[in-house]
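User: Could you show me how to read strand pairing and a buried charge in a model like this?

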Amino acid sequence: MNALLLAGGRGTRLRPLTDTMPKPMVPIMNVSLLERNILRLKSSGVKEFVISTCYRPTYICNRLGDGSKYGVKIHYVHENTPLGTAGAVKNAAKHFTDTFIVLNSDIVSDINVTKLIEYHKSKKAVATIAATYVDDPTQYGVIEYDENHYITSFKEKPKKHEVTSNYINAGLYVFEPDILDQIPSNQNVSIEKETFPLLLEKKFKMAVYHNQSYWIDIGTPEKYLKVHRDILDGKCKSFEQYDAKHWNKIGHLILRGENTNIHHNAQIIGPVFVGDHVVIESGAMIGPYAVIGDNSYISSGCRVLGSVLLDHVHLSKNVKVINTIVGQKCKIGDQKELSNTIYTSELDYSVAV
């Protein structure tokens, strides 16, 4: 089975982190989300991937290559201008002659893709949409369905008084190739607002698949920090499945690899995740809910709490980093204090996280 990964978004709400990398390449526990999604789908039998790019395509291509290092094959399709979710699917149509998967590449979830595919085939539908339950569906696409779990209507970002369901579109689909005939070529088309309603109007069968799996999109700094907290708390089980064999757990400390030097006088308050080739000096206090990227250096007297440090970060002496995202290759000077921000240079952006 083939899969299309929609990786064209700019990720403007995660700026300045996404000024230099596409949102799907933002690391989750030190590995890009796009790589994680490839490995997750591979475990469900997907061997061939199409990645739809628009913003910074070279960044993605250079890092993922042809897929051989993951044991899969990767093709790339590019949009010079954004084509929307359905337009991106149509743009990759030549790669799909059988049942295929489509995934928004900014999603972290535990949804069982193998069971989703089996369910789709049992429903004999042209499309099956994975759904997830949220308390407030007003910022999402709400799905209404009948007692047989066939979809009856969609409401995109309904007002509170219009909400009739708390199950939303989770950005994961299984499609039959017939759907491609319903999408015009070379146009910006929304699959949520245009294609799905059109399929209903034409009486195509569309099914909904839902369970109570973990699900979150990483579109904001708040959610980006939250997903790391949730993983450290064990709420996202897929990370245990795909990463546990590579992690060395010592109480509430998780070491991703070897060659990490934590001074015996450093204080680690778990849960904490530490990457490869990390140095933490005496007197530093790390955690709880701290993620330290590969090749990072934490000097004496530093305090890191509720924060994510990407790779190659250097904290000088007595730096405090609280509820903050620190970008790659940042060096932060002595005694600087960062709180509730994204920091990528001296021109840091303050954001509510």
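Analyst: Here is a short walk through some strands and one arginine. This is a predicted model, where local features need pLDDT of at least 70, side-chain atom pairs count only at pLDDT 80 or more, and totals for chains, interfaces and linings use all residues. Residues are numbered from 1 along each chain as its sequence is written, and side-chain values use heavy atoms, with hydrogens and water left out.

User: Which strands does S8 pair with?

Analyst: Strands of a sheet pair through backbone hydrogen bonds, either parallel or antiparallel. Strands here are DSSP E runs of at least two residues, numbered from the N terminus, and two of them pair if DSSP finds at least two bridges between them. S8 (residues 127-133) runs antiparallel to S11 (residues 167-175) over 6 bridges, with Ala 131 opposite Asn 169. S8 also pairs with S12 (residues 206-210) in the parallel sense through 5 bridges, and there Ala 127 partners Met 206. Of the 7 residues in S8, 6 are buried (under 20% relative accessible area, 1.4 Å probe, protein chains only).

User: What is the strand order in the open sheet of 5 strands?

Analyst: The order is S16-S19-S22-S25-S28, paired in parallel. S16 and S28 are at the edges, each with a single partner strand, so one side of each has no neighbour in the sheet.

User: What does the side chain of Arg 303 meet?

Analyst: A polar atom of that side chain lies 2.5 Å from the backbone oxygen of Gly 287. Arg 303 is buried without a salt bridge (side-chain nitrogen of Lys or Arg within 4 Å of a carboxyl oxygen of Asp or Glu); Glu 337, the nearest side chain of opposite charge, is 11 Å away.

Terms used. Buried < 20%, exposed > 50% of the residue type's maximum accessible area, 1.4 Å probe, protein only. Lys, Arg positive; Asp, Glu negative; His and termini not counted. Polar contact = N/O pair within 3.5 Å; in protein donor to acceptor, adjacent residues only side chain to side chain. Helix = DSSP H or I, 4+ residues; strand = E, 2+ residues; numbered from the N terminus.
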